[in-house]
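Open your viewer and get ready to select a few pieces one after another. This tour tells you what to pick next and what you will find there.

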Amino acid sequence: MYRLVIFLLLFGIWIIFSGQFDYFHLSLGLISCGIITAISSSFFFSNRSKSFGTRLGELMRLPGYSFWLLWQIILSNVHILKMALTPGEIKELDPSLVRIKTNLKTDFGKYALANSITLTPGTITIEIDGDEMLIHSISKHTAKGVKDDTMERKVARVFEGGGQ
Amino acid sequence: MIIDTISICLICIGIVFFIGGAVGILRFPDFYTRMHAAGKGDTCSMFLILLGLGLYQLHEPTLANFLVFGKIMFITIFIMVTSPTSTHALIKAGFEEGIKMWTRNGEKKGNVK
């Protein structure tokens, strides 16, 4: 069952990438997807205890989160752009290290949070250590932003099922 | 016509963000702040430029063009995942190497573990 899902996923991606629907290309795709499924299907999902419904739920909630993240990315870029193009001394620049604690439990949740933090206004995750994150922030304003937990709650809702 | 205008606008905005990133890399004071400019400018401007190119492709709405649009979107997703990861890898390497951090009041902090 698991292998069948992987195979169908790979084959769907093959069809999108090749864009050819004649028998030659489809059979090539069948063969290569079959070989990949046989050799390395166990690499794709390490945690298989989650049911198919849970995964589907994650997938459904992902677009909303992505759009919110996209908006944050644009805000962050405007922030950097403004700072880079300030004439003379850059007044807003005030780097600091911030340590935050997270309540996320799964590794993937932490990874998603760390990547989101790196993408949003003026903050980069330096290190994840257990449930603590070390963050470099570029100005006072962004250091304040990273301390409130809006993003963490959003990540928890998408990847760890329900409002924890 | 409308699609052309939108895609040209998106590509131009992307280029502006790229310029912001490049200027930031030159002007910011230390390694960490430069990483901010490098890592973020690229992600967003790449996204906007690729989105512009993808929309331009939808000129004639045929299946092949939709597939090309899909492929371009796949590239975008790939960049969105890898770019922050590489930024994080670089900055962590720098941090563990003990590169000093520039701060507002002149003092320089090292590796504060």
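How many residues of chain A are in contact with chain B, and how many of chain B with chain A? Select both chains: 27 residues of chain A are in contact with 31 residues of chain B. Here two residues are in contact if their C-beta atoms, placed from the backbone, lie within 7 Å.

Before going further, a word on what you are looking at. This is a predicted model, in which local features need pLDDT of at least 70, side-chain atom pairs count only at pLDDT 80 or more, and totals for chains, interfaces and linings use all residues. Residues are numbered from 1 along each chain as its sequence is written, while chains are lettered from A and ligands numbered from 1 in the order in which they are written.

**Stop 1: colour by confidence**

Colour the model by pLDDT, the predictor's confidence in each residue, from 0 to 100. Chain A averages 77, and 87% of its residues score at least 70. Its lowest confidence is in helix α5 (residues 140–147), with a mean of 70, and its highest is in helix α2 (residues 23–40), at 87. Chain B averages 81, with 92% of the residues at 70 or more. Within chain B, strand β2 (residues 108–109) has the lowest mean, 53, and helix α1 (residues 2–27) the highest, 87. For the complex, the predictor gives an ipTM of 0.70 and a pTM of 0.74.

The helices (H or I, at least four residues) and strands (E, at least two) on this tour are DSSP runs, numbered from the N terminus.

**Stop 2: the first helix of chain A**

Select residues 2–18 of chain A, which form helix α1. The expected span of a helix is 1.5 Å times one less than its number of residues. Just after α1(A), click on A:G19, which takes a positive phi of about 70°.

**Stop 3: the sheet of chain A**

Now show the strands of chain A. Three of them form an open, antiparallel sheet in the order β1-β3-β2. The edge strands, β1 (96–101) and β2 (123–129), each pair on one side only. From one strand to the next, the twist averages 25°. Two strands count as paired if DSSP finds at least two bridges between them.

Strand β3 (residues 132–137) pairs with β2(A) over 6 bridges. To follow this pairing, pick A:T123, whose partner is A:S137, then A:I124, whose partner is A:H136, and then A:D129, whose partner is A:E132. The hairpin of β2(A) and β3(A) has 2 residues between the strands, and there A:G130 takes a positive phi near 65°. On the other pairing, 6 bridges join β1(A) to β3(A), and A:I100 has A:M133 as its partner.

**Stop 4**

Select α4(A), residues 107–119, and α3(B), residues 63–97. Helix α3(B) lies across β2 and β3 of chain A, running at about 70° to β2(A). Axes are lines fitted to C-alpha atoms, for helices over the stretch in contact, and angles run from 0 to 180 degrees between N-to-C directions.

How do α4(A) and α3(B) pack? Their angle is about 85°, with the axes 9 Å apart. They are therefore roughly perpendicular to each other, a label used for angles of 65 to 115 degrees.

**Stop 5**

Return to the 27 residues of chain A in contact with chain B. Helix α3(A), residues 52–84, gives the most to this side, with 7 residues.

Note on methods
Parallel < 35°, antiparallel > 145°, perpendicular 65-115°, else oblique.
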